[in-house]
Structures are given as structure tokens and as C-alpha cells.
Protein chains: 2
Amino acid sequence: MSYQAINFAQKFALFSEQWQPKVVAEMNDYQFKVVKLQGDFIWHDHQDTDETFIVLEGELRIDFRDGAVTIGAGEMFVVPKGLEHKPYAEQETKVMIIEPRGVKNTGHEDGERTADNDVWI
Amino acid sequence: MSYQAINFAQKFALFSEQWQPKVVAEMNDYQFKVVKLQGDFIWHDHQDTDETFIVLEGELRIDFRDGAVTIGAGEMFVVPKGLEHKPYAEQETKVMIIEPRGVKNTGHEDGERTADNDVWI
């Protein structure tokens with residue numbers, strides 16, 4: 001049997017569009033997604049689940065209504081279920097998102113930032 | 001409110017022992033654990049869950065009964081539920097493991113490699 005590791009740099013080299021998470025792996029009913037972020041996202045929350053951000057390259061700021069967290073390369077943050085947040089990246093930032101299968105990137109908000117779900121790369 | 005990212009290098013600097021996973025974050029009922037690995041682990045499996053390995057530094061080989069996968073820095077691999085596997089690292093390797101809370105590192109095997117569970121750092 002042939003087993004193959006998933007290489008993040010190789011996956012990021014396959015696409016250029018921002019704000020469009022691509023699934024690279026699944027663990028039980030959770031998905032690992034890579035995404036390129038730059039600029040402002042929208043305020044939203046996920047009522048049913050926490051959401052994990054791991055920054056692989058660049059710097060991601062996540063604003064909350066009462067503060068913010070800055071996540072650099074080699075750092076992670078788990079946004080608690082139900083907490084309103086708004087990601088922002090000054091420069092293009094490469095991020096891994098981990099969350100249950102089926103979670104919409106904009107929560108229950110819809111708009112131009114809403115991405116197709118379950119797109120594999 | 002003060003929000004703080006989790007820095008992997010800072011966490012790894014806090015301990016030296018190998019094969020003792022330390023929890024750094026939780027997402028719903030899943031845990032993110034950092035661990036230093038070197039040498040041979042034991043053959044085991046996890047009957048109830050997949051298990052994710054992300055290599056942050058070094059190189060991890062996971063042997064299966066019918067093959068192996070080599071995971072370098074910036075790579076990941078999800079070991080499917082129920083699949084017998086044996087991790088091995090020639091040099092000390094820094095790894096993040098993601099799996100449900102309560103999973104024992106040696107599966108249903110017990111031995112000197114069995115680590116305390118739910119140890120936070």
C-alpha cells in the first residue's frame with residue numbers, strides 16, 4: 001500500500017485565489033483546509049462549533065467585539081463556539097483551518113466572502 | 001478581553017522529555033498536543049478514531065503492516081481509525097498530534113511508552 005504525506009507548500013502552490021478554503025484532509029468528521037487570506041473578512045460566528053486557525057506563513061489578526069488576537073507563523077488560536085470574530089490580514093497569509101465538515105466560512109451570514117464548501121485540492 | 005495565540009516554539013521550549021504529549025489547546029472535544037519523538041514507538045491502533053500528525057520540525061516515519069509514510073516539516077498525515085501503525089524518528093522530531101480528548105497514545109496496548117493523558121503545558 002502506498003501512503004503519502006500532505007505537503008502544505010505543495011497544496012498552496014496549486015491555487016492563487018484568496019478566501020476560498022480547500023480541503024486537504026479529513027479526520028473523523030473534521031476537515032483540514034488551507035486558505036490564503038488578505039484584507040478584511042466579515043463579522044460572523046459559528047453557533048455549533050469551535051474553529052481552529054493555524055498560521056503557516058504571514059500574520060493573521062482576528063478581531064473580537066472586545067479585543068483581538070494576532071497569530072503569526074507557527075502559532076494557532078481556537079475561536080470558541082458562538083464568539084463573533086472577524087479575520088484580517090495585512091499581507092497575504094497562509095492559514096490552515098480545522099473545523100467539522102460542513103461548516104460555512106461565513107457562519108450564518110451570506111455575502112461575497114461566502115465560499116463553496118467541501119472543495120478538495 | 002485578552003486573547004493570546006499559542007506559539008509552538010514557546011511550548012516546545014518548556015519541556016525536554018520525549019514521547020510525552022502535552023495538550024496546548026482544545027477544539028470542541030478534540031485536543032491539540034505537542035510531543036517530541038525520537039526512536040521507536042510500539043505497534044498500536046486506535047479502534048474509535050483517526051489520528052492526525054503534523055510535523056513541525058524533523059522527520060517522522062510511520063510504519064504500517066503493508067507500507068510506511070515519511071512526514072517532513074510542513075507536512076501532515078491522518079492515520080485512519082483501526083489501522084495498526086508504529087511511529088519512528090531517527091532524530092528528535094517535533095510533532096503536533098490532533099485527536100479526540102481521552103485517546104491513549106498507545107491505543108489498547110500498555111507499556112513504557114504509555115504516557116499520562118490530558119497533561120497541559
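This is a predicted model: local features need pLDDT of at least 70, side-chain atom pairs count only at pLDDT 80 or more; totals for chains, interfaces and linings use all residues.
View 1. Residues are numbered from 1 along each chain as its sequence is written, while chains are lettered from A and ligands numbered from 1 in the order in which they are written. Strand S5 (residues 59–64) of chain B pairs with strand S6 (residues 67–72) of chain B in the antiparallel sense, over six bridges; strands are DSSP runs of E with at least two residues, numbered from the N terminus, and two strands pair if DSSP finds at least two bridges between them. Within S6(B), B:Val69 is the bridge partner of B:Ile62.

**View 2. S5 of chain B beside S8.** S5(B) and strand S8 (residues 85–100) of chain B run antiparallel and are joined by four bridges. Here B:Asp63 has B:Lys86 in S8(B) as its bridge partner.

**View 3. The elements of chain A.** Chain A contains one helix and eight strands, a helix being a DSSP run of H or I with at least four residues. From the N terminus on, the order of these elements is β-α-β-β-β-β-β-β-β. The C-alpha atoms of chain A fill a box of roughly 50 × 30 × 25 Å along the principal axes.

**View 4. Burial in chain A.** Of its 121 residues, 35% count as buried, a residue being buried if 20 or more other C-beta atoms, placed from the backbone, lie within 10 Å of its own.

Terms used
A residue is buried if 20 or more other C-beta atoms lie within 10 Å of its own, exposed if 12 or fewer, and partly exposed in between; C-beta atoms are placed from the backbone.
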